[in-house]
Amino acid sequence: MAHFVESGWKRYKQLISDNPETSLSQDRIQKFLTVLQYAEVFLEMSAAKYWSETGRWVLIVAVHITKSILRLLLVWVNKAGIQPSPPLPALDREALIQTQYKTSTAKELNEFEENLETESESIKGSTYNLKRSGRLIRKLSAAPPMNFRSWKVPKEHGVLQDDNHNSRLAIYSPTLLSSQRMWAETLYITRPLAHLLSMYLFGANSWKPWLLSGGIDISSLCMMGDTENLNPHEKSEVKKRTVMLLYYLFRSPFYDQYSKMKILFALNMLAENIPVVGMILRPLIQYLPTWQRTYFYLWST
């Protein structure tokens with residue numbers, strides 16, 4: 001088991017290291033933020049159990065201050081672009097194995113072609129052009145073993161490999177944000193602190209924290225502008241933030257005064273009328289109050 005975990009961690013580090021511009025300090029910050037985000041709900045529930053309600057809110061404030069400072073360092077110092085949530089993606093073992101297999105296969109093909117050129121002087125080249133069409137064809141004598149055949153002409157392997165490598169670097173490299181987008185990202189990062197401060201000043205049941213938080217989220221998205229020049233990961237993050245605006249339907253005081261009864265009515269109606277769906281929705285309805293009261297479930301970034 002220990003060997004399996006160690007092997008998985010090494011592969012994960014190799015996947016993250018695809019971006020050579022990622023510094024050691026940035027990598028450590030991202031790892032810490034990822035672990036903190038996965039553990040924050042457990043920390044909140046533990047603090048509520050052992051340190052009462054006051055200890056719970058102290059921990060929530062401390063966690064958000066820590067996350068905000070580290071994320072601002074990533075944005076302004078490390079120029080890490082738009083910060084995803086969580087900062088490090090989950091390990092996709094299937095995609096990683098496929099990538100490693102393709103890389104090893106390409107290396108063996110290159111070695112085969114190099115050996116073919118050095119060992120056989122009678123072969124002038126591994127390809128030839130058809131007379132009428134001019135199409136480039138691999139010679140039978142230059143064909144690699146069956147399990148490594150890609151049905152490509154030899155010269156294409158290096159080109160395709162370089163193109164794939166460059167495209168991967170382009171995908172993983174963060175976009176250099178403009179000044180407006182930097183401030184938009186700063187607004188989004190500091191939004192939890194503004195919400196907690198307004199809750200302290202006006203009370204948890206006031207509409208001002210809810211309106212302030214929603215206004216900051218919408219302003220941040222508007223300041224981001226067109227996402228055409230962002231990389232795929234950053235585009236996905238902006239879309240995710242847009243969808244996350246639906247969470248305001250579950251956030252108090254809007255949930256308590258408007259959406260609570262409608263959501264519970266809809267869930268109960270589905271649970272009563274659709275037997276199979278009811279087996280899933282009834283536990284969800286029972287857990288909904290706990291989920292709604294847990295701060296990091298609804299307000300975490």
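A salt bridge here is a side-chain nitrogen of Lys or Arg within 4 Å of a carboxyl oxygen of Asp or Glu. Before you click, know that this is a predicted model, where local features need pLDDT of at least 70, side-chain atom pairs count only at pLDDT 80 or more, and totals for chains, interfaces and linings use all residues. Residues are numbered from 1 along each chain as its sequence is written, and side-chain values use heavy atoms, with hydrogens and water left out.

**Stop 1: Arg241 and Glu185**

Select Arg241 and Glu185: they form a salt bridge, with 2.9 Å between the closest N and O atoms. Arg241 sits in helix 8 (residues 232-243) and Glu185 in helix 6, so this pair ties together parts that lie 56 residues apart in sequence. Helices are DSSP runs of H or I with at least four residues, strands are runs of E with at least two, and numbering starts at the N terminus. Are the two partners buried or exposed? Both Arg241 and Glu185 are buried, where buried means under 20% relative accessible area, exposed means over 50%, and partly exposed is in between (1.4 Å probe, protein chains only). Over the whole structure, the search turns up 7 salt bridges.

**Stop 2: helix 3 and its charged pair**

Now pick Glu53 and Arg56, another salt bridge, whose closest N and O atoms are 2.5 Å apart. Both belong to helix 3, 3 residues apart, or about one turn of the helix. Glu53 is partly exposed because its relative accessible area is 44%, while Arg56 is buried, at 9%.

**Stop 3: Glu44**

Go to Glu44 in helix 2 (residues 24-50). Its relative accessibility is 2%, so Glu44 counts as buried. What is around Glu44, leaving aside neighbours within four places in sequence? Show Arg56, Leu59, Ile60, Arg293, Thr294, Tyr295 and Phe296, which are in contact with Glu44 (heavy atoms within 4.5 Å). Draw a distance from Glu44 to Phe296: their C-alpha atoms are 7.6 Å apart, although 252 residues separate them along the chain.

**Stop 4: further along helix 2**

Staying in helix 2, select Lys31 and Asp27, which lie 4 residues apart, about one turn of the helix. Their side chains meet in a salt bridge at 3.0 Å, N to O. Lys31 counts as partly exposed because its relative accessibility is 25%; Asp27, at 14%, counts as buried.

**Stop 5: the nonpolar patch**

Switch to a surface view and colour Val61, Ile65, Ile69, Leu73, Trp76, Val77 and Trp183: they form a nonpolar patch with about 640 Å² of accessible area together. Patches take residues with over 30% relative accessible area and no salt bridge, joining like charges within 9 Å and nonpolar side chains (Val, Leu, Ile, Met, Phe, Trp, Tyr) within 5 Å. Areas come from the Shrake-Rupley method with a 1.4 Å probe, and for residues only the protein chains shown count as cover. Which helix gives the most to this patch? That's helix 3 (residues 52-76), with 5 residues. Trp183 comes from helix 6 (residues 179-202).

**Stop 6: helix 9**

Finish on helix 9 (residues 254-273), where Tyr255, Ser259, Ile263, Leu264, Leu267 and Ala271 are buried.
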